[in-house]
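Visitor: I would like to learn how to read a helix and a nonpolar core. Please take one feature at a time.

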Amino acid sequence: MKEQVIAAIKANIASHPNFYIVDIAGLNAEQTATLRRECFNEGIKLTVVKNTLFHKVIKDAQNAEMDLLVPALEGNTAIMYTEAPAVPAKLIKKYNKAGNEKPALKAAYVQECAFVGADKLEELVNIKSREELIGQIIGMLQSPVQNVISALQNGGGSKIAGLVKTLEEKGNK
């Protein structure tokens, strides 16, 4: 039985590159059901785990960064598995903003980095996904090109053409 649970945890970690270790103890059945529904809608897989079994998974992973999560494995533990790095943090923050103490962040493993402690929540909320970062880079790269094209279309072309001609003449001397 334990081996099956460990195998399931390992499979979840393999298929979800990011996970959050949270405390949901004290939530009643209705609150837990609501949290599970919201997690499902956000693409988060929420499971309750035994600390000893999760500790074994971390130990077996032989990952120094994951080893930093071990101190967070005390008390009741639930894991939020996700592909989107900031989504669980945003969900936890939403609950906290509504005056709820739970779910409470204990630690997270996001983009191959360990974040330990509830004080890391804001940092996790602001993490961008790989796709968001690529989009920002593309936007920054396109911006100068768009400015040149805009200048050429708005009559600035003669100024640019004059500048290019001047540079060519200096280069030919």
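Guide: Helices (H or I, at least four residues) and strands (E, at least two) are DSSP runs, numbered from the N terminus. The expected span of a helix is 1.5 Å times one less than its number of residues. This is a predicted model, in which local features need pLDDT of at least 70, side-chain atom pairs count only at pLDDT 80 or more, and totals for chains, interfaces and linings use all residues. Residues are numbered from 1 along each chain as its sequence is written, and side-chain values use heavy atoms, with hydrogens and water left out.

Visitor: How many residues has helix H1, and what is its reach from first C-alpha to last?

Guide: H1 covers residues 2–15, which is 14 residues. Its reach is 20 Å, close to the 20 Å expected at 1.5 Å a residue.

Visitor: Which residues of H1 are buried?

Guide: Buried means under 20% relative accessible area, exposed over 50%, and partly exposed in between (1.4 Å probe, protein chains only). In H1, Ile-6, Ile-9, Asn-12 and Ile-13 are buried. Seen down the axis of H1, the buried residues fall within an arc of 120° (taken from the directions from the helix axis to the C-beta atoms), so they line one face of the helix. Glu-3, Gln-4 and Ala-14 are exposed on the other side of H1.

Visitor: Which members of the largest nonpolar core touch the most others?

Guide: A nonpolar core is a set of buried Ala, Val, Leu, Ile, Met, Phe, Trp, Tyr and Cys residues joined through side-chain atoms within 4.5 Å. Here the largest has 23 residues, of which Tyr-20, Leu-35, Met-80 and Leu-124 touch the most other members. Helix H5 gives the most to this core, with 5 residues.
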